[in-house]
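Here are my notes on this structure, written as numbered points. Please have the sequence and the 3D view open as you read.

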Amino acid sequence: MTVFASDEFNERISVFMDFDIAGEVWTSLICMVIILVLTFIVGYMAKHHDPLKKTKGLLYLSEWGVTFFDGLVRDMMGPQFEGFGGYIMIIAIYLFLAFIFGMTGLPSPFTNLAVPLSLGLSTFLMIHGTSIYYKKWRYFKRYIDPNPIFLPINLISMWSPLISLTFRLFGNAIAGWVLMSIVYNALENASAAVFSFVESGLGSIWFAPFIAPALHCYFDLFCGFIQTTVFIFFSMILISQEAPEEIEEKLSLEGGR
């Protein structure tokens with residue numbers, strides 16, 4: 001019995017150790033750990049901050065971010081989504097951090113379809129969760145409007161936000177990765193041809209440091225900022241559309257009193 005149990009345990013450990021995790025998933029986990037550590041640091045700073053003193057540094061940046069995203073959600077989604085700014089803020093931070101992670105030389109999380117699919121799925125679930133929350137059983141009416149004959153079409157079209165959000169992130173990340181790979185390969189070959197007299201393969205590294213950083217600024221920083229903005233704006237618009245307009249008007253009137 002002891003030998004059998006030991007063999008079974010070793011087999012399970014072996015299967016676990018052989019479990020292959022993609023590099024993009026690891027970098028995604030690193031991004032989340034960075035955000036988690038920063039969250040604890042900001043929380044500690046806020047807890048021990050003297051309210052009579054002026055905030056500065058990371059704490060000031062955090063307060064500005066909270067104020068900005070709360071105002072953005074209130075303006076774009078309405079007062080019924082008050083408190084939703086924290087979610088949008090953390091998604092925006094993760095998106096931008098994950099996009100610029102390619103500048104470290106490690107793979108960008110978005111070049112693995114599972115990562116953008118997870119983000120797209122979170123927005124997709126919130127869209128339908130919001131609709132169910134406000135409309136209750138009337139939620140299912142959307143699939144037979146304007147006529148029950150449109151049920152197959154409506155069932156297919158319901159997936160369009162998920163597909164759009166997912167492949168927008170994935171497509172841009174893959175395009176940037178492919179173009180940068182071509183550029184690095186071309187610069188490596190050109191440098192090796194020009195500096196062929198340098199031994200030990202060092203002749204292939206001279207051109208990339210002067211040209212690649214400018215391209216990284218575009219594909220990682222600029223495109224990362226654009227895709228982050230597009231994702232959070234689309235998410236806010238699609239989610240807020242599921243709330244009835246009369247709810248927003250009622251809350252606006254109550255807030256104005």
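1. Let me begin with one serine. Leaving aside residues up to four places away in sequence, Ser62 touches Val42 and Met89 (a contact means heavy atoms within 4.5 Å). Ser62 sits in helix H3; helices (H or I, at least four residues) and strands (E, at least two) are DSSP runs, numbered from the N terminus. Ser62 counts as buried because its relative accessibility is 16%; buried means under 20% relative accessible area, exposed over 50%, and partly exposed in between (1.4 Å probe, protein chains only).

2. A word on the ground rules. This is a predicted model, in which local features need pLDDT of at least 70 and side-chain atom pairs count only at pLDDT 80 or more, while totals for chains, interfaces and linings use all residues. Residues are numbered from 1 along each chain as its sequence is written, and side-chain values use heavy atoms, with hydrogens and water left out.

3. Next, confidence. The protein has a mean pLDDT of 80, and 82% of its residues reach 70 or more (pLDDT is the predictor's confidence in each residue, from 0 to 100). Where pLDDT is low, the predicted coordinates should not be read in detail.

4. Now the largest pocket, which holds about 840 Å³ of space. It is lined by 31 residues, and Leu61, Gly65, Phe69, Met89 and Ile93 are the closest to its centre. (A pocket is an open set of points on a 1 Å grid over the protein atoms alone, with protein on both sides within 12 Å along at least five of seven lines; lining residues have an atom within 4 Å of a point. A volume is the space filled by probe spheres set on the points.)

5. Which helix gives the most to the lining of the largest pocket? H3 does, with 11 residues. Helices H2 (23-47), H3 (57-77), H4 (85-100) and H8 (208-240) each supply at least two. The lining divides into 23 nonpolar, 7 polar and 1 charged.

6. Finally, the second largest pocket has a volume of about 350 Å³. Of its 19 lining residues, Gly102, Trp177, Met180, His216 and Asp220 lie nearest its centre. Helix H7 (160-194) and H8 give two or more residues each, and H7 gives the most, with 7.

Methods. On a 1 Å grid over the protein atoms alone, a cavity is a set of points where a 1.4 Å probe fits but cannot get out, and a pocket is an open set with protein on both sides within 12 Å along at least five of seven lines; lining residues have an atom within 4 Å of a point. Ala, Val, Leu, Ile, Met, Phe, Trp, Tyr, Cys and Pro count as nonpolar, Asp, Glu, Lys and Arg as charged, and the others, Gly among them, as polar.
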